[in-house]
Amino acid sequence: MWMPAFLRFRCCDGVIRFIYPSYGALDNPDEELTDVRGGSRLRTPLQGSGSVKFGVHLDTLMMSSSLQLSDDQQTIRGSGKILGNTQLLQDKAYYEVVVVAPGKFHVGVSHYNTEFLDTNVGDDQYSWGTVFTSDLPKGTVIGCAFDQSDFPLIRYYLDGNPTDIEIGGLRGTFFPAISIEEDAEVQVLLDSSVMKKSPPLGFNAIIKSRNLI
């Protein structure tokens, strides 16, 4: 499979590492947040495209209190984990994460569990994911393809191109999950109407389930 040079040659340096067996309250957008870049305090709310317009979006009930979420429930910064608002029921589901501000962030899936919302995706027994670092520039699109047609498996794409990153050994019921650390700010695209890239062959954007846990 195609894989960008900086990922191939920097994997051993921790640009991307595999993490296997990762879950809060709605953050006040005016609450002070620590800026780890300089120790200053941030009060500016994240700006989105307005109120929530999409059926599938990030879940304010399943997010770390250390995260800040935009008003359209797509963009996050701060630290900790957040889940999507719908369970992954289809055989092959796809969503995207766009780098708004480079930094360290984790992309994958998680069980619906509130106990570990302050940990990163993949750092506990309830979530699985891969970590990306600040080597990815602003505007990079990470595609997360979740396949449970046979044995649950996650594959990743960069700007529409497949990588060699693959995670297996998943068990249970899953929700899209993202976590943030080290300066990162990302936009999480769960709804088909806002996707930047076409899903891989056989995959579709997440379909909202009717019954949530």
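**Ground rules.** I number residues from 1 along each chain as its sequence is written, and side-chain values use heavy atoms, with hydrogens and water left out. As the model is predicted, local features need pLDDT of at least 70 and side-chain atom pairs count only at pLDDT 80 or more, while totals for chains, interfaces and linings use all residues.

**Entry 1: backbone phi.** I looked for residues with positive phi. Most residues other than glycine have a negative phi. Q73 is not a glycine, yet its phi is positive, about 55°. I placed Q73 in the loop between β5 (67-69) and β6 (75-78). Strands here are DSSP runs of E with at least two residues, numbered from the N terminus.

Then I looked up D159. Its phi is also positive, about 50°, and D159 is not a glycine. The loop that holds D159 runs between β12 (153-158) and β13 (161-167).

**Entry 2: accessibility of these two.** Is Q73 buried or exposed? Q73 has 15% relative accessibility, so it counts as buried. The cut-offs are under 20% relative accessible area for buried, over 50% for exposed and partly exposed in between, with a 1.4 Å probe and protein chains only. D159 comes out partly exposed, at 37%.

**Entry 3: N113.** N113 has a relative accessible area of 16%, so I log it as buried. What does the side chain of N113 reach? It reaches the backbone nitrogen of E115, at 2.7 Å. I list this as a polar contact (a pair of N or O atoms within 3.5 Å; within protein, one must be able to donate a hydrogen and the other to accept it, and residues adjacent in sequence count only if both atoms are side-chain atoms).

**Entry 4: strand β8.** I checked residues 92-101, which form β8. Why do I call β8 largely enclosed by the rest of the structure? Because 8 of its 10 residues are buried.

I then listed the pairings of β8. Two strands pair if DSSP finds at least two bridges between them.

- With β11 (residues 141-147), β8 runs antiparallel, joined by 7 bridges. V97 stands opposite I142 there.
- With β15 (residues 185-189), the sense is antiparallel, over 5 bridges. A101 has E185 as its bridge partner.
- With β16 (residues 204-205), the sense is parallel, over 2 bridges. A93 stands opposite N204.

Notes: Helix = DSSP H or I, 4+ residues; strand = E, 2+ residues; numbered from the N terminus.
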